[in-house]
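Subject: Structure handover

Hello,

Here is the structure we talked about. My notes on what turned up in it follow below.

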Amino acid sequence: MNKVRIGYSEMTAFIIIMIVMKIFIGYPRIITQQGATAAWLLPLFSGLLAIGLWLLIMRLLERFPGESLTKITELLLGPVLGVAVNIVVVTFFCIKTALLLRVFCEATTLTILTETPLSAIALLYLFGATLTVYHGIEAISRSASIALPYILFSILTVLVVLYPYYDFKKLLPIMGLGGWPLLKNSLVGISSFGEVIALAYLISFLPFDKRKIRKIGVKSISISMFLFTIFIAVYLMVFVYPTSTETFVPIYQLTRSIFLGHYLQRVEAFFITFAAFTAFLRLAMGLFVTLHVLKDTLKLPSYHPLLAVFSLLFFTFAFTPKDMVQSVYVESLLGMNYGWIAFVLPLLLYLIALLRKKGENRVK
Amino acid sequence: MRREVILLVWISFCFLLLPGCWGSMETDQLGYVLVIGLDKGEENIIKVTFQLAIPEPIEGRQAEKGTEVVSVEAPSIFAAQELIDTFVSKRSTIIHNKAIVVSEDIAREGLSKYINPLVRSSDLRRTNYLLVTQGKAHDFIQENVNLIFERYPSRQLDIFMTSTYMTGLIPNADVHKFYEALNSPGRQPIAALVGVEKKKEETQKKEQQGEEDKEQQGDQDKKQQDRQNKEQEGEQQAQDKKKETKSEKEKVEEAMAYVPGEIPREGGNKIEIIGTAVFKDDRLVGFLNGKETRYYQMVTGGFGRGNFTFPDPDPVEGGSNIINLEIMKGRSPEIKVDPDQEKINVRLFLEGEILSIQSGENYEQGTLKKQLEDYVSNHITQEVMRLIRKTQDEYRSDIFGFGEFTRIDLLTWQDWVDYEWLRKYPRYEVSVETVFKVRRSGIMIRTAPIHRGGEGGVRNE
């Protein structure tokens, strides 16, 4: 067990920011591509499904009280296969966070720092993230806890001040691209909530019982689901499908659309502050989870020696895609199209635990 | 000690990053474009006109010195922007641009290829007003320099465009709405109509020229015509009397039925913003005048308020007296579109305040109030019907967005696209109902009778 302890609200804020951060990049665009006019229903269906899956995953965690998913993987798959699978997980987290770094950089270049080299922006983001990770999960989760109300306030403010555009007809036809695409994309859409699995890897930091851990997951997914749904609904009302599928950074376009008279316009600079801060936090979280899982896998006493190396690795991975379009494509492929894999591994482990009847004695 | 050293290194690194605004420019280096105009070019594809702000204090100076207008011909807007940097000692930027003015020629040719760079640009906002001028965009911008009532050029158009809600004579038209309508299977785009004041001298000159021509031709036939005129004199007098009565009523009904350049006026700004440019797909197909624009906005729900003049509802008084009402939106219109029966049903909810009753009749209360409400309702219903039919028959363009109401009847996006609303719109049957209520009567609740001493009668009781 770790000596560091994280509170309930801190960890909830941590997971919510990990999930909700997508709003600040291409998530609304991808979802409207998948769901057309019914896109606002997708997070709702996917969220409910994700809650169900999380409850199943909790059953696995309950069989091995106090053990993180890294440890459970090893216990169920054996030391060799277990370590191998955990290394795959580390690689997944690493590549995903690195691609997020690239997308954040591209978004920053396109919106505010148009002349600044991409690498300089990447260094700036990595610097903030590395510094935070250096101070550990306490620093990250407390920052998340303090920042979350402001981030939520900024998102909700954007949505409210866009009220002149509200026209609920734009959310119809209700089935979007049809019944099957709606169902299929709702299933694939659980990827949006895949970050909740980080909770299973950070369980050793949580000094409370299983009920509270379960509640953190459910609460995080529910709040994110609510935010995603209203955000997509407003986005669809402002940028009607199919134009909603064109925008690279939807929230930026939304803030640029705010026009409440001569004296209340051009307010995007205000909201960019929150977006940039969320990006710093999200990168720090990604970097921390990657290093923490690696530390647990390799049974290292500390992840700090790896910090500089992994920062460099993130930087390298981030600049692997050739251009903006490719980076956006790969990020959405990994994050949205195949992000559901995050749920598959613990569910497979649960199945193995059930079949091999492992962990039952611990519960008893 | 070690911690302090590390901290110092981090802070130094931060300072290295802080001046990292590679694109930083001083404000006095920039030339802020306020209005962009697009005309067909003679030497290149388009002629782009920029109204640039001169970033100096305007206080104590003439307002027209606040901006400079430059034009350049180029293959595209951005190429033109680069070119003006060769003869304007500022780095031009469109981040503060307010409006895009498009000439009629370009609008009739198709706007989509010009809209595309506007919606893609990270500098230009989609909240930019989209204006179509019947003449040249360059001429409009040139006249826009003469600010009379506004010191700040950037505010001039903002204030003009508030007329959308205050008078209803111009639509709320911006690049965003145009682009959204262009991509929707359920509506067609519009833009605000702008123009330049036509000088009275020019009009008079043209009229005089016409009269002179007529005189030269007419001298020979004058005697013969005089004879014929005398024969028909009695008949004509009777007809003229009728015409005079009708034309006065028409004048009242046609109040606000102007497009830019037609307003009979003297003084003020040289630009006029009144009316709507109607598009079918991305091509301009016609115009709505100020009056029609108001009715258009009543149907779309964009109408806020406006002063209306009607002939007096009384058949006797209607010939010579008028009633002024301030009409406001009561609530959003109710629109039902039935794809099975191909019917559109529009219900408008309006409220009004009496501003003037020339006849002195007590329309403020009782049966007369009901009579006034019915009269105004019928009048608006007929005008709205006429306008909708005009868009169906003449323009074949659903600028009202009735097609958006068919979304609810269809299950999937593809069903909606396949329904081909825009093709079917002209054949839809339309019915309009107006619910108008007089809510206030100014600061009077009735009109006292006027005693006409000489004639010994009380006129209105």
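Helix α14(A) gives the most to the lining of the second largest cavity, with three residues. Helices here are DSSP runs of H or I with at least four residues, strands are runs of E with at least two, and both are numbered from the N terminus. A cavity is a set of points on a 1 Å grid over the protein atoms alone where a 1.4 Å probe fits but cannot get out, and its lining residues have an atom within 4 Å of a point. Volumes are the space filled by probe spheres set on the points, with grid points joined across faces, edges and corners.

Before going on, the ground rules. This is a predicted model, where local features need pLDDT of at least 70 and side-chain atom pairs count only at pLDDT 80 or more, while totals for chains, interfaces and linings use all residues. Residues are numbered from 1 along each chain as its sequence is written, chains are lettered from A and ligands numbered from 1 in the order in which they are written, and side-chain values use heavy atoms, with hydrogens and water left out.

**Cavities**

Back to that second largest cavity. About 90 Å³ of space lies in it. Its lining has 13 residues, and A:K22, A:I25, A:E331, A:G335 and A:M336 lie nearest the centre. α2 (27-35), α5 (79-111) and α14 (324-337) of chain A each supply at least two lining residues. By class, the lining has six nonpolar, two polar and five charged residues. Ala, Val, Leu, Ile, Met, Phe, Trp, Tyr, Cys and Pro count as nonpolar; Asp, Glu, Lys and Arg as charged; the others, Gly among them, as polar.

The whole structure has six cavities of 30 Å³ or more. The largest cavity holds about 110 Å³ of space. Its lining comes from chain B and includes B:V252, B:M256, B:R294, B:Y295, B:F308 and B:H379. Three elements of chain B, α11 (233-253), α12 (290-300) and β10 (305-311), each supply at least two of the lining residues. β10(B) gives the most, with four. This lining divides into six nonpolar, three polar and three charged residues.

**Helix α4 of chain A**

α4(A) spans residues 69-77, and A:L69, A:T70, A:I72, A:T73, A:E74 and A:L76 in it are buried. Buried means under 20% relative accessible area, exposed means over 50%, and partly exposed is in between (1.4 Å probe, protein chains only). The cover over these buried residues includes α3 (42-63), α5, α9 (198-201), α12 (268-297) and α15 (341-356) of chain A. Just after α4(A), A:G78 takes a positive phi of about 90°.

**Aromatic rings**

There are 27 aromatic pairs over all chains. Rings of Phe, Tyr and Trp (its six-membered ring) pair if their centres lie within 6.5 Å; planes under 30 degrees apart count as stacked, over 60 as edge-to-face and the rest as tilted. A:F205 and A:F288 form a tilted pair, 5.9 Å centre to centre with 50° between the planes. A:F205 lies in the loop between α9 and α10 (210-238) of chain A and A:F288 in helix α12 of chain A, so the pair ties together parts 83 residues apart in sequence. Both A:F205 and A:F288 are buried.

B:W421 and B:Y425 are also a tilted pair, at 5.7 Å and 45°. Both of these are buried. Ring pairs link B:W421 and B:Y425 into a cluster with B:Y296, B:F400, B:F402 and B:Y428.

Two lysines sit over rings. A charge counts as over a ring if NZ of Lys or CZ of Arg is within 6 Å of the ring centre and within 35 degrees of the ring normal. The charged end of A:K212 is 5.6 Å from the ring centre of A:Y8. B:K424 lies over the face of B:Y419, at 3.8 Å.

**Two single residues**

Is A:T37 buried or exposed? A:T37 is buried, with a relative accessible area of 1%. A:T37 lies in the loop between α2 and α3 of chain A. Leaving out residues up to four places away in sequence, A:T37 touches residues including A:K170, A:Y241, B:R407 and B:W413. Contact means heavy atoms within 4.5 Å.

A:G52 is in helix α3 of chain A. A:G52 is partly exposed, with a relative accessible area of 32%.

Regards

Definitions and conventions. On a 1 Å grid over the protein atoms alone, a cavity is a set of points where a 1.4 Å probe fits but cannot get out, and a pocket is an open set with protein on both sides within 12 Å along at least five of seven lines; lining residues have an atom within 4 Å of a point.
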